[in-house]
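Dear colleague,

Please find the structure below, handed over for your study.

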Amino acid sequence: MKNSKLHLSIIIPTYNEVANIHPLLERIHIALKSYPYDVLIVDDNSPDGTAAEVGRLAADFPVTVVVRTDKRGLASAVVDGFSLAQGQLLAVMDADLQHPPEVMADLLTACQNGADLTIASRYIPGGSVGNWSAFRRFISSGAGWLAHLLLPQTRSVKDPMSGCFLFRREILQGTSLSPVGYKILLEILCLSNTQQIKEVPYRFENRRAGQTKLSLLTQGDYLRHLFSLMRRSGEHKRIIIFIAVGASGSIVNLSILALLTENGLLPYLASGAVAFETAVIWNFILNDRFTFKGRVTTGSNYIGRLARFNLVSLGGLVIYLGILGLLTETTGFHYIISAAIGIIAAFGWNFLSNSWWTWR
Ligand code: GDD
Ligand code: MN
């Protein structure tokens with residue numbers, strides 16, 4: 001594939017970006033030199049005349065505009081763009097020049113060197129978020145961290161929330177992207193057929209003109225998007241299997257506790273310790289075999305994973321006992337209610353830290 005010049009279509013969603021279109025097209029044109037490309041603007045009927053401006057500039061630049069009249073938002077604009085665009089390479093970027101068009105050339109180079117998905121990244125050396133406030137940095141890195149935690153397919157990518165990326169069209173074959181979330185890259189990372197991903201650094205610039213359309217309210221949508229992607233990428237099945245394994249482990253635990261105690265082999269607390277550890281090993285074997293089957297486990301062997309699983313389980317026990325005691329003593333909750341809350345918390349801890357650490 002090297003050096004062959006596959007046609008590139010750059011999809012740019014717009015809403016009220018009239019003042020940005022000309023400099024945007026000009027800088028893209030300079031950045032890509034003589035590379036075969038076109039720009040597809042997907043506009044949601046901007047009242048400021050963005051589409052008409054694109055129409056005027058079509059004489060000077062390889063650009064077309066699609067105007068949608070029932071405004072359906074950024075994500076669906078991008079998904080529509082994917083199906084309308086002609087290129088064998090597809091790219092997405094914003095219209096407001098927060099993604100410097102020059103980075104397109106770097107993405108293209110990385111793709112020509114073998115990557116099938118290349119991402120403009122703020123979070124690798126050489127990249128930066130520019131002059132964001134500490135608060136916005138915090139929100140952004142929290143959101144990225146959450147994606148890494150819940151969606152293992154995003155873990156190899158430092159900036160899974162990037163709105164600027166380029167990929168070979170083939171990777172979308174057989175995937176159906178949902179226009180629900182506005183982070184289209186997350187959809188691609190979790191659902192597409194990607195072999196080699198490469199990130200390229202860039203500095204997230206200030207908006208050139210106009211104002212942002214995405215508010216903090218979209219953070220709620222973001223959470224829903226993460227959960228939806230867990231479901232659609234099959235990640236939720238792991239949780240279900242993990243619960244089933246845990247339930248079977250509880251039976252093992254209680255049986256051994258009763259067996260050792262009733263036969264007078266050990267005092268009940270010592271039996272409890274033996275029963276707990278046996279159940280931990282039981283759970284580990286099943287989780288390794290079924291729940292996290294197929295998870296890449298670089299650098300960890302079976303015994304190493306067992307040790308990690310053990311530590312996580314002990315942590316879960318501490319969380320359970322802590323919540324049980326604390327809630328019962330301080331809030332006056334019935335101890336069964338406290339225990340139920342403790343079980344849920346320990347379960348969450350166990351699943352997430354095993355997914356994150358034991359079977360990383
Ligand atoms: N068609 C269409 N419809 N386009 C829209 C809509 C819409 O409803 N809302 C926003 N856009 C376009 C804007 O015109 C702009 O080109 C682009 O989508 C991004 O919108 P901004 O309002 O500038 O968003 P932002 O700067 O807060 O966030 C962007 O940058 C982040 C960091 O790269 C988005 O691209 C995020 O997805 C990205 O993570
Ligand atoms: Mn922006």
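Predicted model: local features only at pLDDT ≥ 70, side-chain atom pairs only at ≥ 80, totals over all residues.

Residues are numbered from 1 along each chain as its sequence is written, and chains are lettered from A and ligands numbered from 1 in the order in which they are written.

The whole chain

The secondary structure comes to 11 helices and 7 strands; helices (H or I, at least four residues) and strands (E, at least two) are DSSP runs, numbered from the N terminus. Along the principal axes, the C-alpha atoms fill a box of roughly 90 × 50 × 35 Å. Of the 360 residues in the chain, 35% are buried. A residue is buried if 20 or more other C-beta atoms lie within 10 Å of its own, exposed if 12 or fewer, and partly exposed in between, with C-beta atoms placed from the backbone. Two residues are in contact if their C-beta atoms, placed from the backbone, lie within 7 Å. Among contacts with a separation of 6 or more, 77% join residues 24 or more positions apart.

The two domains

An automatic or database domain assignment divides the chain into domain 1 (8-233) and domain 2 (236-358). Their centres, taken over C-alpha atoms, are separated by 42 Å. In the contact between them, 4 residues of domain 1 meet 4 residues of domain 2. The domain 1 side has 3 nonpolar, no polar and 1 charged residues. Here Ala, Val, Leu, Ile, Met, Phe, Trp, Tyr, Cys and Pro count as nonpolar, Asp, Glu, Lys and Arg as charged, and the others, Gly among them, as polar.

Helix pairs

Axes are lines fitted to C-alpha atoms, for helices over the stretch in contact, and angles run from 0 to 180 degrees between N-to-C directions. Angles under 35 degrees count as roughly parallel, over 145 as roughly antiparallel, 65 to 115 as roughly perpendicular and the rest as oblique.

The axes of helix α1 (residues 18-32) and helix α2 (residues 50-57) come within 8 Å and cross at roughly 30 degrees, which means that α1 is roughly parallel to α2. Val-18, Ile-21, His-22 and Leu-25 of α1 make the contact with Thr-50, Glu-53, Val-54 and Leu-57 of α2.

Helix α9 (residues 268-291) and helix α10 (residues 302-331) have axes that come within 10 Å and cross at roughly 125 degrees, so α9 is oblique to α10. In this contact, Val-280, Phe-284 and Asp-288 of α9 meet Arg-305, Leu-306, Phe-309, Asn-310 and Ser-313 of α10.

The axes of α10 and α11 come within 8 Å and cross at roughly 155 degrees, so α10 is roughly antiparallel to α11. By class, their contact has 15 nonpolar, 10 polar and 2 charged residues. Helix α11 (residues 335-358) has several buried residues, among them Ser-338, Gly-342 and Ala-346, and what covers its buried residues includes α10.

One residue

Leaving aside neighbours within four places in sequence, Val-245 is in contact with Asn-283, Leu-286, Asn-287 and Thr-291.

With kind regards
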